[in-house]
Amino acid sequence: MPDPLVSICGLAYRYPGATEPALGGIDLQVDPGEFVVLAGRSGSGKSSLLRACCGLIPHYHGGEISGRVEIAGLDARDHGPAELGGAVGLVAQDPESQVISTTVRAELELPLEIRGEAPPARARAVEEAALALAMPHLLDRGVDTLSGGELQRVALAAALVLRPRLILLDEPTSQLDPVAGDELTWLLRRLNEEWGMAVILAEHRLERCLAVADRVVALEAGRLAFSGTPEAFLDWALAHDVALATPGARLFELAGLRPLPRGVKAARATLAGLRVATPEPRPASEHDNGPPVLRARDAWVELDSGTGARDVLRGIDLEVGRGERVALMGRNGAGKSTLMRAAAGLLPTIRGRIEAPSGCALLPQSPADLLLRERVGDELPGVEGTAALERVGLGAKLDADPRDLSGGERQRLALAIVTAGREGPGPAGVVCLDEPTRGMDRARKDELGAWIDELAAHGAVLVATHDVEFAAAFADRVILLGEGTVIADGPPDEILSGGWYFATEVARILDTPGAISPEAGASLIAAGRFRHVARASGEAAVAPAVPATPIALQPTDTGREAEDVGGVIPEDPGGGVP
Amino acid sequence: MRPALAYRHRPGPLGDGSALAASLFCAAPAGAALVSSDPIVLAGALAAVVTAGLLAGARRGLALAARWNLGLGVILIAVNGLTSQRGDTVLVHGIVMPLIGNVDISAEALGEGAVLAARIGIICMAFAVHATTVDPDRVLRLLRPIARRSALTATLIARTVPLAARDYARLGEASALRGPLAAPAGRAVLARRLVAGSLDRAVDVAATLELRGYGHGAPGRADRLRRSRHDTALVGSALALFLASAGARLAGLADFRAYPALRFDAGAWTIAAALAMPLAAAAPFALAALRSRIVGGRSRA
């Protein structure tokens, strides 16, 4: 057995001034070439553990540390981040703060230059890193002209350029659209396989990365709660903390199937030959509640990010009715934020109109930008302000410093700031939330979903999000933008099951139009299984309840039997998928 | 919208030249303005910096620097006019100013202020051309082996200033989103929030620098003097520019005296030196264009 690359024994750590330890009693070993996914709720200690693995803890952050951390044979307590930098690279969540130089090439050259590499060796290493990440075209671009996804790729390349033996990633996909997020995950797997580099990836959206993981390590309140294979982790998560289970695992659990799938491919292998019913088409939900609260008519918006003006919205036509919960989706740069900013009156249209007759409140991507005072009560002064704070559950925290609030509380405070005073005697207008689930665990997303319901009861809610699973959970309508135009608009069942990138994990597993949630998918599996049995015994096909006990399912060759039920049951649920 | 003074790579002698040569070229008109106060030489230095800026594609940076300096220049002229009570040509007599009392405004005092404003303006415009056309990474790379701590500070500033500009734009936008009941976001509140945020940003950037290995030891000097094909022209032009001003001064030409009456040299040699400056500034660009044309002609043939 090779020596472990990471060896942590009895690690405990407390940030300076903190009352509670961020990490406690951590024992962990990571072997060379291993791909480890770090799971856990917000505040469970994932980021702290990553910082301890690269020497930022304790050398940069200070605080109290005990136990032993060895990275590539170097004791992280004696060797700082610069010394460990040859063996370990870190990619953090916010790409803007991780890029130092003006051009991409200079950014990649910097670590090599600092270590005294000769120019030819530097040029080669930069070229190799750029090719590995498919970004040679970015090398001579200024970093201020890059999108968030491109910046994240540059930060990864800068961490890889020294060919470290270990790469640490702290929620690198949180700001990326599903396409860029999937690309990054599979890129990491390729680097892991081809370069033999060990990876520790902290991530909330586990359905994106379990398929590529060798092992999952789960943290709970700064302590190691689980370490094992992805399949074993899913079993553990369903038993201990269902918020950490993937939609695919919940689908299998509800359908009574085993083994739990680490990804779409594993799920399809288990489901091969199993019948899945096709859902009955549902009548489209009607929102005939008077005039629309948001209306765009042939709206064109132009932006200039320094490289010349370009049309970001190109003739958008849409209406949002009162009571609607709309998910606005699309790739980075598709125009989601621009549409919301134009609706809130921050950007003018160069042609056409965007109107919100009853007003539009926008919660920007970074709610902290709205928190300017040092006391919660000072953000919304007066009796009406206090009432607004009470409505969002912050009535007891009027004297708290906004920076001391939890992430969810800060978001609620920011929401109160943008909406307070807008509610008139009549129906309130539209509330736009721009990427509200960034860095959130599922429990907080559920909490957010509950507010969205509440907000939609008074007006309408438009949420720009890359989080397909969240959109499936809260929205009753999904609008997909592409290059500034509406490319799809309809109910979530239809939009989030008809493609690959903008589709939920359940939709990708079942590849059946209309099945996007674990509950719906489990019902279809159960109904398909029942219809097959019913057809075989000549009884009427009535959809059964979801079975309660798990069934160990072996793939069987039942394709011929499936033909008997005349197209209701697909012969191969995995067919037609690229 | 990208800030007017932000660096963007522009192909050409300044964009592609080595950091040292490009910096010398940009410093030459500033040096000329420092050594000479003759209005004709200053006009030549101004023409040189404008020529270089326009040919290098730094029009927005130049325009911004010119706008700032116009305001500053007016203030300098006014202050000098009010505070310097010398000069034979009194334009306005006996203005009663609070605290100062009776003041005269002379043409000489205004002229001296204008010359001072022109010198500062030329230096600022030369730095604007440098900031927008010369890659700061290459300048910092030049500095790092000789002034490590200063280079670290400059690196932090070079990164945190654009981040702060972006943060300020975001904060401004967020303040426009506040509901009617929210406390208003004044400039002071925004500035305080920006400073607090910038400190956090600086800490993050410093952590990244640490991870990139900044604490590892002195960087190598291997390519500190990496050269470019434009360097000879840039350095030659910089020398010619500076010598036109310094030579005229050393030769006793290009003399300027504000008091007791405005007097400056407008002889043929001074005018020739002033005319030579924009020509020297244009030379590297003309040579590069000529070379491209010749190479293009050969490849077509």
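Two strands pair if DSSP finds at least two bridges between them, and helices (H or I, at least four residues) and strands (E, at least two) are themselves DSSP runs, numbered from the N terminus. You are looking at a predicted model, where local features need pLDDT of at least 70, side-chain atom pairs count only at pLDDT 80 or more, and totals for chains, interfaces and linings use all residues. Residues are numbered from 1 along each chain as its sequence is written, while chains are lettered from A and ligands numbered from 1 in the order in which they are written.

Let us begin with confidence. The predictor gives the complex an ipTM of 0.77 and a pTM of 0.79. The pLDDT is the predictor's confidence in each residue, from 0 to 100, and chain B averages 87, with 95% of the residues scoring at least 70. Within chain B, helix α3 (residues 39-56) has the highest confidence, at 95, and α7(B) the lowest, at a mean of 83.

Now for chain A as a whole. Its secondary structure comes to 20 helices and 21 strands. Of its 578 residues, 54% are buried; a residue counts as buried if 20 or more other C-beta atoms lie within 10 Å of its own, exposed if 12 or fewer, and partly exposed in between, with C-beta atoms placed from the backbone. Two residues are in contact if those C-beta atoms lie within 7 Å. Among the contacts in chain A with a separation of 6 or more, 69% are between residues 24 or more positions apart.

Back to strand β17 (residues 430-434) of chain A, where five of the five residues are buried. In a regular strand the side chains alternate between the two faces of the sheet. Here both faces are covered, with Val430(A), Cys432(A) and Asp434(A) buried on one side and Val431(A) and Leu433(A) buried on the other. Strand β16 (residues 360-363) of chain A runs parallel to β17(A) and is joined to it by four bridges. β17(A) also pairs in the parallel sense with strand β18 (residues 460-464) of chain A, over five bridges, and there Asp434(A) has Ala464(A) in β18(A) as its bridge partner. To get from β17(A) to β18(A), the chain passes through helix α15 (residues 442-458) of chain A in a right-handed β-α-β crossover. Right-handed here means that, with the strands pointing away from the viewer, the path from the first strand over the helix to the second runs clockwise.

A second sheet in chain A is antiparallel and open, with four strands in the order β2-β1-β4-β5. Its edge strands are β2 (23-30) and β5 (74-75), each pairing on one side only. Strand β1 (residues 6-14) of chain A and β2(A) are linked by five bridges, and Val6(A) has Val30(A) in β2(A) as its bridge partner.

Helix α7 (residues 178-195) of chain A deserves a stop. Its 18 residues should span 26 Å at 1.5 Å a residue, and its end C-alpha atoms are 25 Å apart, so the two agree; the expected span is 1.5 Å times one less than the number of residues. Buried residues of α7(A) include Pro178(A), Leu184(A) and Leu188(A). The buried residues of this helix pack against β3 (35-39), α6 (148-160), β8 (198-202) and α16 (468-474) of chain A. Just after α7(A), Gly196(A) takes a positive phi of about 70 degrees.

A few backbone details are worth a look. Most residues other than glycine have a negative phi, and most peptide bonds are trans. Ala134(A), which is not a glycine, has a positive phi of about 55 degrees, and its place is in the loop between α5 (119-132) and α6 of chain A. Ala134(A) is exposed, with 11 other C-beta atoms within 10 Å. The peptide bond from Ile57(A) to Pro58(A) is cis, with omega near 10 degrees, and Pro58(A) is found in helix α2 (residues 56-59) of chain A. In chain B, a cis peptide bond joins Tyr259(B) and Pro260(B), with omega about 0 degrees.

Finally, the two chains meet: 47 residues of chain B are in contact with 52 residues of chain A. On chain B, α6 (136-143), α7 (148-176) and α8 (187-212) each supply at least two residues of the side that touches chain A, and α8(B) gives the most, with 12 residues.
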